[in-house]
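Good morning, everyone. Please take a look at the sequence and the model before I start talking.

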Amino acid sequence: MTVVSAIDQIPFRRLPPMEALHLDVDRYALDEDYVGYGHSRLDALTLAGNDGSVAVRDALVLALHCADPGEALADDIELEFVLDEPGVPGRSVSAPLSRFLAVWLPSLHGDERAVVLALCNPHRATLRRPEALGPSTPLYYATGDVESWYDDVGGVRLVAEAWRLAR
């Protein structure tokens with residue numbers, strides 16, 4: 001394993017959907033200590049907010065974490081990645097979401113109909129549409145905290161204060 005010194009070296013792996021969204025364990029309460037991250041593809045999921053729900057089909061889901069406490073930015077989110085590096089257990093690095101997406105979206109985004117950020121947005125930043133996404137694929141992001149849930153009837157549901165489209 002190499003020491004991470006650039007955004008493109010972050011081990012941002014494709015994971016099964018249940019693992020990416022931390023739904024692969026029995027849980028009765030939100031696990032605020034979970035620091036996993038990765039990407040996955042889902043055939044369908046629901047984005048639920050105080051203003052209603054949106055059904056999203058054929059989505060690339062990016063499971064990320066904001067830095068805690070993180071700098072309050074009007075149009076970006078400071079990400080944090082806890083790394084498993086030799087000799088430096090628990091080391092974390094941070095990067096702005098906009099830069100992370102500019103580096104990673106070109107290699108991750110394929111022919112999905114949508115991209116969803118499973119990412120808390122505590123400062124309620126208004127995100128801009130990444131150039132790497134292209135003109136027609138929507139990018140959904142939340143305001144406030146994001147919780148992931150699964151039930152046999154409704155499938156995967158991401159719950160937040162509200163869901164927005166990057167413009």
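I will go from the overall layout to the salt bridges.

One caution at the start: this is a predicted model. Keep that in mind throughout.

First, the layout. How many helices and strands does the protein chain have? It has 2 helices and 7 strands. The order is α-β-β-β-β-α-β-β-β. So much for the order of elements.

The protein chain has 167 residues, and 43% of them are buried. Its accessible surface is about 9100 Å². Carbon and sulfur atoms hold 49% of that surface.

On to the salt bridges. Searching the whole structure turns up 5 of them.

Start with Arg41 and Glu112. Their side chains form a salt bridge, 2.7 Å from N to O. Where do the two partners sit? Arg41 is in strand 1, residues 38-49. Glu112 is in the loop between helix 2, residues 97-108, and strand 5, residues 114-118. The two are 71 residues apart, and the pair links distant parts of the chain.

Is Glu112 buried or exposed? Glu112 counts as buried because its relative accessible area is 6%, and the cut-off for buried is under 20%. Arg41 has 26% relative accessibility, so Arg41 counts as partly exposed.

Glu161 lies in strand 7, residues 155-165. Arg124 lies in the loop between strand 5 and strand 6, and strand 6 covers residues 139-151. Here the partners are 37 residues apart, and again distant parts of the chain are linked.

Asp151 has a relative accessible area of 30% and is partly exposed. Arg157 is at 30% relative accessibility, and Arg157 also counts as partly exposed.

To recap, find Glu112 on your screen: a buried residue in a salt bridge with Arg41. Then find Arg124 in its loop, with Glu161 in strand 7. Thank you, and questions are welcome.

Technical notes
Residues numbered from 1 in each chain as written. Predicted model: local features only at pLDDT ≥ 70, side-chain atom pairs only at ≥ 80, totals over all residues. Heavy atoms only, no water. Helix = DSSP H or I, 4+ residues; strand = E, 2+ residues; numbered from the N terminus. Buried < 20%, exposed > 50% of the residue type's maximum accessible area, 1.4 Å probe, protein only. Areas by Shrake-Rupley, 256 points an atom, 1.4 Å probe, with all protein chains shown as cover. Salt bridge = Lys/Arg side-chain N within 4 Å of Asp/Glu carboxyl O.
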